[in-house]
Amino acid sequence: ELLEGSNQYRCEKCSDLVDAKRCCRLHNLPPIMSFALLRFLYDFEKGERYKDTSRFQFPMVLDMAPYLYETQTDEEGRKEVLYDLFSVVIHSGSTHSGHYIAYIRDVDNLGVWTHPGNEPVSFQTQLSDSTDPLEFHSPLELLQAILKQCGGNASLNLLCKRMQDQTGVTWNKRFKQQYGPITKFIKNHSDVFVVDQTNHITLKEQSEIVHSIQGPDAGSEISGVEQTLQKEVKEIEEVLSLEEGMKDGAIKMEGKDTGVLPDAEDDNKQEKEDVTPLKTKKATKRDDKSPPLPGHCWYEFNDSSVSPILISAIEKTYQGKQSAYMLFYRLRDLKRPTEALNKPMYGVPERLQEEVLSTNIALETDRKEYDIAINTVTLTLHPSSYYVLANGALQNIMNRLTHQVKIDRRKTILEL
C-alpha cells in the first residue's frame, strides 16, 4: 500500500511526513502451502450467499522471494523460495449444492499414467440403476470401436446416436468439458479419422484400404441402408433437440443442418467456431502422446474414480461453475528420502494407518449391505389352500401364515 498525498507516513526518525510503502513480509515459509480462494461471498444487498465464478489464474510455479523479509537458504546456501503446484481442489456447483474433485500431481511417481485419450473402454448393452454412465473415460477408443461396428464409416449424426445408445450418455455430458465439442476432437485426431465432403467419418486405416481397392471415389455414395438410418436418426434428433431446448429455456435448432447433433453444439458464443462443419476448419495440432516426466503426472480424483489428465485441464478451472477452490504448493527442494520411494504410507503414523484401514473395511461392508438392500426384491406368497371364501371375502385359515421369498435382481434365473 502506497502512503502518499494526504495519507503520508510520519517518519519515526525525522518526524516529517514522507511518502512510504506499507507491506507485509514473511519470516519463515512452510514446506507445504495451501491457499483458499474466496469463491463463496455474501451479497448484503440481496441478503444471500453467492459463488464467485470470475477468472482467477494461478501459476504452476510460485516464487515467494518477493514476500520474504529475508530470503531463506538451506545448509548449503541455496535459496528455497520456489514452490510447485501439486494439488487443486475443485468445486462444481453453487453455494447451496455441489461436488468436490481433486487434481493431484504424482510427486512420488506411484501411479501408471496413460494418455486420457487412450484409456481402456468397455461397452454395456443396458445400464442398471446403480451404474454411473459417466464411468466411460476413453473418447478416442470409444469412437473407434463405434465406427468399427458401423463398418468403419458413419455420419457424424449416426456416430453420436450410436455412442449414446452404447454408453447411455451423450458426448456433451461426458467428454465435452475435458475434450471440447466432438467436431473439434475428431479434427484434432486427423491421423485416426478421415472426414469427407459430406461430413462422413471414416477410420483412416479403413479409408486407405477402400481407396487402394476401389479407387479414390469409393465410399462417396451412401447406401440405401445408410440413408434409411440417417433418416431415422434425424427424426430422433429433432425430438431430442426439442426436449433439450425446453430444458435450457431455448430451442437452438432452426431447421439448418450444421453437420453436428444439436446436443453436440457449443453453447458458449466464444467457442462458436468449434461447431462449424468439419470440412471448413483445419485440424489443429493434437496433444503430445508422450507421458510427462516422472513426478509430473497429474490425476483426477473423483470419489472412487481416479483417471489421468493433461496439465491443460488445470487451465479450465480458472473460472466458471467448476472452478478451483483450494490450491496446494510444495517446496521444490523438498525431497523424499530414498527409503520412501514407492511407499505411499511412509511417514504416516501407525495409528492413522489403522484408522484408515478400519474405516475402509467399514465402508466396504456398508457398501455391500447397501447393494444387497437395493437389489433385493421380496415376494410374499399366499397359497390358495390357506384361504376360504366366507362372508363374501377370502379368509386366511392358517392364522395369517404367508411365505416370503427374497430374490436378488443381479442374479440370473440359473443362479436363482
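Is Phe-328 buried, partly exposed or exposed? Phe-328 is partly exposed, with a relative accessible area of 22%. Here buried means under 20% relative accessible area, exposed over 50%, and partly exposed in between (1.4 Å probe, protein chains only).

The model is predicted: local features need pLDDT of at least 70, side-chain atom pairs count only at pLDDT 80 or more, and totals for chains, interfaces and linings use all residues. Residues are numbered from 1 along each chain as its sequence is written, and side-chain values use heavy atoms, with hydrogens and water left out.

The chain has 416 residues, of which 29% count as buried. Its secondary structure comprises 9 helices and 20 strands. These are DSSP runs numbered from the N terminus (helices: H or I, at least four residues; strands: E, at least two). Contacts (heavy atoms within 4.5 Å) were sorted by sequence separation. Among those between residues at least 6 apart, 62% join residues at least 24 apart. The accessible surface (Shrake-Rupley method, 1.4 Å probe; for residues, only the protein chains shown count as cover) comes to about 28100 Å². Carbon and sulfur atoms account for 52% of that surface.

The structure holds 8 aromatic pairs. Rings of Phe, Tyr and Trp (its six-membered ring) pair if their centres lie within 6.5 Å; planes under 30 degrees apart count as stacked, over 60 as edge-to-face, and the rest as tilted. Phe-35 and Tyr-329 form an edge-to-face pair, at 5.8 Å centre to centre with 85° between the planes. This pair links distant parts of the chain. Phe-35 sits in strand β5 (residues 32-36) and Tyr-329 in strand β16 (residues 322-331), 294 residues apart. Phe-35 is partly exposed at 31% relative accessible area. Tyr-329 counts as buried, at 2%.

Phe-86 and Phe-328 are also paired edge-to-face, with 6.5 Å between centres and 65° between planes. Phe-86 lies in strand β9 (residues 82-93) and Phe-328 in strand β16, so the pair ties together parts that are 242 residues apart in sequence. Phe-86 counts as buried, at 16% relative accessibility. Ring pairs also link Phe-40, Tyr-100 and Tyr-325 into a cluster.

Met-60 lies in the loop between β7 (48-51) and β8 (61-63). Met-60 is partly exposed, with a relative accessible area of 30%.
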